[in-house]
Amino acid sequence: MIKVDARGLSCPQPVLVTKKAISSGGSGVEVIVDNETAKENVKRFLSHSGYSVSVDQEGELLILKGNK
Amino acid sequence: MPINLSYGMSIVISRFDLISRTTLVIIVTNYILMTQVEGYMKEKRGIILAGAIVGILSVALVYFGNPANMGFCIACFLRDIAGGVGMHRAGVVQYIRPEIIGLILGAFLLAFKNKEFKPTGGSSAFTRFVLGILVMIGALMFLGCPLRMVLRLAGGDLNALLGIAGYVGGIGLGVVFLNKGFTLQRNYKMPKIEGYLLPVVSVLLFIALVVNAGFLFFSAEGPGSMHAPIWIALAAGLIVGVLAQKTRLCMVGGIRDMILFKDSHLLSGFLSIFVFALIGNLVMGYFNIGFEAQPVAHTDGLWNFLGMALAGWGSVLLGGCPMRQLILSGEGNTDSAVTVMGMVVGAAMAHNFGLAASPAGATTNGQIAVIIGFVFLLAISVSNSGLLRRTR
């Protein structure tokens, strides 16, 4: 499982760091974000990249888990 | 006979006009229905509808009194506010634009309701302030923010094509640095009051406008004197603020995401604004195609191009267009609030130092400022992309 910390980053960096993380391969990725915009953008990107995505909320953080 | 002939012609034209208007309404209705039923459009339905409403409201605001092709223009309106509070004394562009206040408050109210209001800050605030100044200098060289650029094209102003070309080029440059790791660093959680300040200031500014406070400046002529009634302008701002907060509509994100990820989500909002403003302008008879004598515009193609290139590049570095900065500041992002203040100061500088273009064209000072702006952007881009060796 690749872990990505995208908290507090401006658009489109949460997606960029996710893209970079999955480019090295691997079937699972976990991305931590702290706002709805980043959540939606990363979720959309992972879905379009062939991942099935689930989102968990932990306090103020949103944790996206992508698997394919 | 010539009189009868022209009378007959005018009847034909008015009938044709009626037919074409009806046809357009049918096309619009079908388009909206299509976006409702087509499965593949489902994901983009919200943003396309939001874009449609922004486009239609923009035309409506012109009908209610705003300058032509300026239903919404974040750069122009922040510039008018800077003049309205006396930060510059360009007599033709001074007014407190309720649309801006509505955008901030609309985003604030919806974010608050949906528990998305989160005060944050600390992401290279002063760099963002400077970027706000530079984006404004670029936008006032072109005479419009990215949103007005689209509205100008939808009104038939072909000078906007040069602006769009520059805008895409500027975004492309910004993307190069994003791919090299450009970042203004993370933001962090801030105390609640930090996020409430700008919405509160916006309300106070609106009250000052409503009571016609004596310290405000109002244009007696020129674009600043042309405005929709206060409450209509506020309502339009609130509606767009809510829609933009909900859909994350962004005029720089569309082209940026297309280049970076081949993702057309935000671009579909951008295009929807164009299509519906175009239809609205055709229906209302505002559409006037050409380069010459366009409202609040000049024909200097090179500087239209370079002005929007500066605005596009700066907006990519900021992570969103001027409108998006207003929305984010309503959501509690104080880095964006600082950026908005940078744009206001940039507008004051643009008029105090003679940088802003006018329908007569670009000024020499403005051309020098745009070039200096590119040097600044290059320095900010390079030094925040890890391209310089770290000495820490």
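Predicted model: local features only at pLDDT ≥ 70, side-chain atom pairs only at ≥ 80, totals over all residues.
Helix 10 covers residues 253-261 of chain B and helix 11 covers residues 265-284, and the two pack with their axes 7 Å apart at an angle of about 140°. Helix 10 of chain B is therefore oblique to helix 11 of chain B. On the helix 10 side of chain B, the contact is formed by B:G253, B:G254, B:I255, B:D257 and B:M258, while helix 11 of chain B brings in B:H265, B:L266, B:L267, B:G269 and B:F270. Sorted by class, this contact comprises 5 nonpolar, 4 polar and 1 charged residues.

Turning to chain A, the elements follow the order β-α-β-α-β-β from the N terminus, with 2 helices and 4 strands in the chain. The radius of gyration of chain A is 10 Å, close to the 11 Å given by the globule rule for 68 residues, so chain A is as compact as a globular protein of that length. The C-alpha trace of chain A spans about 30 × 20 × 20 Å along its principal axes, and 46% of the 68 residues in the chain are buried.

The two chains also meet: 15 residues of chain A are in contact with 20 residues of chain B. On the chain A side, helix 1 (13-23) and helix 2 (36-48) each supply at least two residues, and helix 2 gives the most, with 5 residues. By class, this side of chain A has 6 nonpolar, 6 polar and 3 charged residues.

Technical notes
Residues numbered from 1 in each chain as written. Chains lettered and ligands numbered in written order. Axes fitted to C-alpha atoms, helices over the stretch in contact; angles between N-to-C directions. Parallel < 35°, antiparallel > 145°, perpendicular 65-115°, else oblique. Contact = placed C-beta atoms within 7 Å. Nonpolar A, V, L, I, M, F, W, Y, C, P; charged D, E, K, R; others polar. Rg over C-alpha atoms; globule rule 2.2 N^0.38 Å. Buried ≥ 20, exposed ≤ 12 C-beta atoms within 10 Å, placed from the backbone.
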